[in-house]
Amino acid sequence: LKLASSLDGQMALKSGESKWITREPARFHSHWLRAHYDAVVVGRRTFQLDDPSLNIRHPDFRECLNKVVILDPNGTVLPSLAKSKLLKVRPPQNVWVVTGLSGDEILAKDLGIRHLKMALKPNRTFEIPALLKELWSQGLRSLFVEGGASTISAFLASHQAQRLHLFLAPMLIGAHDGLSWTRDLPSHSLSEAL
């Protein structure tokens with residue numbers, strides 16, 4: 001998992017504004033990290049708010065072409081994918097969109113992307129171990145999760161993260177106007193803390 005946060009644990013303003021919490025050296029190192037994983041994983045909201053390219057822009061890895069996985073339980077990103085930066089910097093077969101069982105299979109096929117449909121938990125999120133098993137069957141052996149608070153929290157809560165690359169910026173945003181990267185972690189007592 002990789003995330004950038006203020007000293008008080010906020011990764012964005014409530015509006016979604018997050019550019020730029022960290023400075024150029026942290027972003028440069030993030031591109032170096034991306035080059036060491038099969039795919040970058042983001043959630044629907046990160047894709048829709050940022051329209052990221054998620055490619056590798058590090059001089060040591062100019063020829064490295066990574067893959068991207070978008071977690072989209074409701075299947076809402078498919079219509080906006082055609083004009084996205086993701087498909088401008090990589091072939092469509094290097095993009096996976098994971099939706100609930102109601103995702104638009106025809107649109108995904110027209111775009112040339114890979115579409116995975118998975119059952120959702122009652123809270124409309126994916127079962128992370130089942131997701132990882134499915135992505136493994138697709139040939140993805142290592143994932144670099146750069147999603148937002150919900151995506152990061154889902155991997156942490158399911159104990160499916162091996163490393164946390166946490167870039168701390170020397171600033172305070174404040175919980176009132178910020179978006180905490182741990183907001184969805186269920187800790188009801190200190191004994192449950194990760």
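(Exposed is over 50% relative accessible area, buried under 20%, partly exposed in between, with a 1.4 Å probe and protein chains only; helices, H or I of at least four residues, and strands, E of at least two, are DSSP runs numbered from the N terminus.)

A note on the source: this is a predicted model, where local features need pLDDT of at least 70, side-chain atom pairs count only at pLDDT 80 or more, and totals for chains, interfaces and linings use all residues. Residues are numbered from 1 along each chain as its sequence is written, and side-chain values use heavy atoms, leaving out hydrogens and water.

Next I turned H5 (residues 128–137) over and found Ile128, Leu131 and Leu135 buried. Down the axis of H5 they fall within an arc of 55 degrees (taken from the directions from the helix axis to the C-beta atoms), so they line one face.

I then followed the chain past each helix. Just after H5, Gly139 has a positive phi of about 90 degrees. H6 buries Ala149, Thr151, Ile152, Ser153, Phe155 and Leu156, and is followed by His159, with a positive phi near 55 degrees.
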